[in-house]
Amino acid sequence: MSQTFPGDDADLIIRGGRIHTFDGTGDIAHALAVRDGVIVATDAAATRLHARNVLELDGRTAVPGINDAHLHAAWLGARWPHLFFSDTPPEEQPPGRLVSTTSERRSALRRAWRLLAEHGITSYTEPGIGPGEDAGETGCFGADMLETYGELHREGAQTSRVTLLRLFGTIDGESTLEDFAHGIRTPPPTHDPRWLAIPGVKIFADGIPPMATAWVEEPYADGTTGALLTRGGSDPLSAFQQMVELAASRGMQIAVHATGDRSIAEFLAVLERLSDAPAPAAPHYVVHGDLATPEQIARMRRVDAGFAVQPLIAAHTHSWAAAQLGEARIATAWPLAAMLASGALTTVTSDAPIASPDWRLGLDAALALLTDAGFIDDAATRHLLLRSMTVEAARQDGASDWKGSLEVGHVADLTIL
Ligand SMILES: [Zn+2]
């Protein structure tokens with residue numbers, strides 16, 4: 001079905017290949033017309049328009065721009081080409097402080113943006129930048145980095161669209177209720193939300209299963225259960241609950257790093273209690289969700305919240321986590337299949353620079369998790385995974401009305417294969 005938008009000129013026509021629109025109809029378009037970065041017509045209506053430029057796909061396939069819904073771009077740019085899970089031996093991993101000056105911070109972001117553009121990634125979520133990391137080891141997550149983002153944004157230098165979550169504690173570490181409550185009282189800087197949106201906050205609830213720091217119901221082999229990383233209030237749990245409540249009462253999106261079933265349970269319990277709170281700027285979600293149970297996944301869907309998951313990390317840490325949890329429990333870990341089947345918001349992400357930002361590797365790792373769970377590796381399954389990196393990622397951003405699929409009125413962000 002061809003669609004058109006008022007006005008009869010276009011800046012660009014894209015044609016000559018299969019364009020998966022992901023517009024919900026299952027349609028493939030063969031042409032798009034673009035004006036001011038926005039799709040104004042598709043198919044026959046597009047080719048009828050007069051355009052200054054034409055991009056010939058020459059038979060190639062295009063999909064909506066890949067949106068990596070959990071990727072630390074500043075850190076990735078500062079470390080590149082060294083990833084944590086890579087051929088770089090430990091002694092060659094860049095140590096300590098990575099960026100200190102404005103110029104180093106600018107270079108790190110620009111390097112990341114070039115790299116993402118090379119991989120066809122047009123949007124990402126920078127999950128956790130803020131004053132809690134001002135004294136942080138790497139220099140990649142402090143308030144200075146937020147300023148550098150704003151500076152490059154104002155200069156029009158961005159080549160990736162960014163959703164940024166503020167952080168009022170340390171990355172992968174503790175946060176206090178006092179710092180959090182103080183931090184969210186300061187409103188985030190305002191920018192063009194299509195390029196630099198700051199809809200919410202990141203909270204670290206727990207650690208990771210391989211370190212036995214995920215907060216779990218059933219103890220690890222050594223008898224410990226992991227614990228919450230939140231501090232203040234009368235105890236860690238009340239601190240965590242109050243952080244979620246405070247952010248929710250301000251309509252902020254809340255992304256909670258939670259890998260253990262116990263920390264996911266506590267986040268869910270607050271979200272269920274808050275079902276009457278104002279609708280958030282974008283849906284709340286669990287980051288990682290390694291040990292989410294089927295029952296938790298179903299409840300997460302009922303509160304319109306979801307999961308941002310990293311299949312490449314699952315692939316890299318599987319045996320390490322199995323040593324802590326045992327083979328039986330690890331067999332039910334990383335329940336991507338159940339998440340996708342449930343209809344709960346589910347994004348497949350990289351967590352670069354932990355794993356590679358190459359979404360094709362992430363897609364392969366996701367396919368491995370799905371086929372292990374009984375899915376067939378066919379076009380429908382790959383389609384579902386590509387949707388998790390486009391349509392669903394836009395949903396996580398609260399941006400479904402203007403990105404994530406290729407339709408009239410949406411931005412013309414494409415990845416050409
Ligand atoms: Zn991360």
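Predicted model: local features only at pLDDT ≥ 70, side-chain atom pairs only at ≥ 80, totals over all residues.
The chain is assigned two domains, with domain 1 covering residues 9-61 and domain 2 covering residues 66-399. Between the C-alpha centres of domain 1 and domain 2 there is a distance of 33 Å.

Eight strands form an open sheet in the order 6-7-8-10-12-13-14-15, and their pairing is parallel. The edges are taken by strand 6 (66-68) and strand 15 (345-348); each has a single partner strand, so one side of each has no neighbour in the sheet. On average, neighbouring strands of this sheet are turned by 25° against each other, with direction ignored. Strand 7, residues 121-129, pairs with strand 8, residues 161-167, in the parallel sense, and six bridges connect the two. Within this pairing, Glu-126 has Leu-164 of strand 8 as its bridge partner. Helix 7 (residues 261-273) packs on the sheet, where it touches strand 12 (253-258) and strand 13 (285-288). The direction of helix 7 makes about 160° with that of strand 12.

Strand 12 deserves a paragraph of its own. On one side, strand 12 pairs with strand 10 (residues 196-204) in the parallel sense over five bridges, and Gly-200 finds its bridge partner in Gln-253 of strand 12. Strand 12 is also joined to strand 13 by four bridges, and these two strands run parallel. Here His-257 has Val-287 of strand 13 as its bridge partner. How many residues of strand 12 are buried? The count is six of its six residues, and the strand is mostly covered. In a regular strand, side chains alternate between the two faces of the sheet. Both faces of strand 12 are covered, with Gln-253, Ala-255 and His-257 buried on one side and Ile-254, Val-256 and Ala-258 buried on the other.

Charged pairs come next. Side chains of opposite charge can pair when their charged atoms come close. The model contains 15 salt bridges. One of these is formed by the side chains of Arg-106 and Glu-151, with an N to O distance of 2.6 Å. Arg-106 belongs to helix 3 (residues 102-118) and Glu-151 to helix 4 (residues 143-154), so this pair ties together parts that are 45 residues apart in sequence. Glu-151 is partly exposed, at a relative accessible area of 25%. The pair is also part of a network of salt bridges that links Arg-106, Glu-151 and Glu-155.

A further salt bridge joins the side chains of Glu-174 and Arg-231, at 3.1 Å from N to O. Glu-174 sits in the loop between strand 8 and strand 9 (175-176), whereas Arg-231 is in strand 11 (residues 230-231), so the contact ties together parts that are 57 residues apart in sequence. Glu-174 is partly exposed at 42% relative accessibility, and Arg-231 is likewise partly exposed, with a relative accessible area of 29%.

Are the partners in the salt bridge between Lys-403 and Asp-397 buried or exposed? Their side chains meet at 3.0 Å, N to O. Lys-403 counts as buried because its relative accessibility is 7%, and Asp-397 counts as buried because its relative accessibility is 9%.

Asp-179 lies in helix 5, which spans residues 177-185, and is partly exposed with a relative accessible area of 42%. Asp-179 and Asp-364 are separated by 185 residues in sequence and by 40 Å in space, C-alpha to C-alpha.

Conventions. Residues numbered from 1 in each chain as written. Heavy atoms only, no water. Domains from an automatic or database assignment. Pairing = 2+ DSSP bridges. Axes fitted to C-alpha atoms, helices over the stretch in contact; angles between N-to-C directions. Contact = heavy atoms within 4.5 Å. Salt bridge = Lys/Arg side-chain N within 4 Å of Asp/Glu carboxyl O. Buried < 20%, exposed > 50% of the residue type's maximum accessible area, 1.4 Å probe, protein only.
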